[in-house]
Amino acid sequence: MKVLFYGNVIEYTNGDKSLEIEHCAGLRELINKLCDHYGDRLKDFILNDETCFFLVNGKGTMMTGGLNTKLQSDDKIEILPFAEAG
């Protein structure tokens, strides 16, 4: 599966904009694998309720089970920061 990082999320991925990762059964497992790869600093950032949101194949995970969203090996997961009001 392919994970894409956007905006200031990239600051927590050592500059990586994407990562191919082995299959994960769900979003929570994916986040754990990402944290094994990039460290707990990323986990603290992306799990902050007011910092990031996740898309799986273009659909927001708030409507598909949140961290319990099931994943398939060919999914595209996008991790995006919430935009701050100007």
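This is a predicted model: local features need pLDDT of at least 70, side-chain atom pairs count only at pLDDT 80 or more; totals for chains, interfaces and linings use all residues.
Before you start: residues are numbered from 1 along each chain as its sequence is written. Local features need pLDDT of at least 70, side-chain atom pairs count only at pLDDT 80 or more, totals for chains, interfaces and linings use all residues, and side-chain values use heavy atoms, with hydrogens and water left out.

**Exercise 1. Work out the order of the strands in the sheet, and find which ones sit at the edges.**

Step 1. Two strands pair if DSSP finds at least two bridges between them.

Step 2. Begin with S1 (residues 2-5), which runs antiparallel to S2 (residues 18-20) and is joined to S2 by three bridges. Leu4, for instance, has Ser18 as its bridge partner in S2.

Step 3. Now look at S5 (residues 76-81): S1 and S5 pair in the parallel sense, with four bridges. Here Phe5 stands opposite Ile79.

Step 4. Over at S3 and S4, two bridges hold an antiparallel pair, and Val56 faces Lys59 in S4.

Step 5. The edge strands are S2 and S4 (59-60), each pairing on one side only.

**Exercise 2. Find the aromatic pairs and describe the geometry of two of them.**

Step 1. Rings of Phe, Tyr and Trp (its six-membered ring) pair if their centres lie within 6.5 Å; planes under 30 degrees apart count as stacked, over 60 as edge-to-face and the rest as tilted. Searching the whole structure turns up three aromatic pairs.

Step 2. Take Phe5 and Tyr38: the ring centres are 5.8 Å apart and the planes are at 90 degrees, so this pair is edge-to-face. It links strand S1 with helix H1, 33 residues apart. Both Phe5 and Tyr38 are buried (under 20% relative accessible area; exposed is over 50%, partly exposed in between, with a 1.4 Å probe and protein chains only).

Step 3. Next come Phe53 and Phe82, a tilted pair at 5.1 Å centre to centre and 35 degrees between the planes. Phe53 is partly exposed at 27%, and Phe82 is partly exposed at 38%.

**Exercise 3. Is Thr51 buried or exposed, and which residues does Thr51 touch?**

Step 1. Locate Thr51 in the loop between helix H2 (40-46) and strand S3 (52-56).

Step 2. Its relative accessibility is 14%, so Thr51 counts as buried.

Step 3. Leaving out residues up to four places away in sequence, Thr51 touches Phe45, Leu80, Pro81 and Phe82 (contact means heavy atoms within 4.5 Å).
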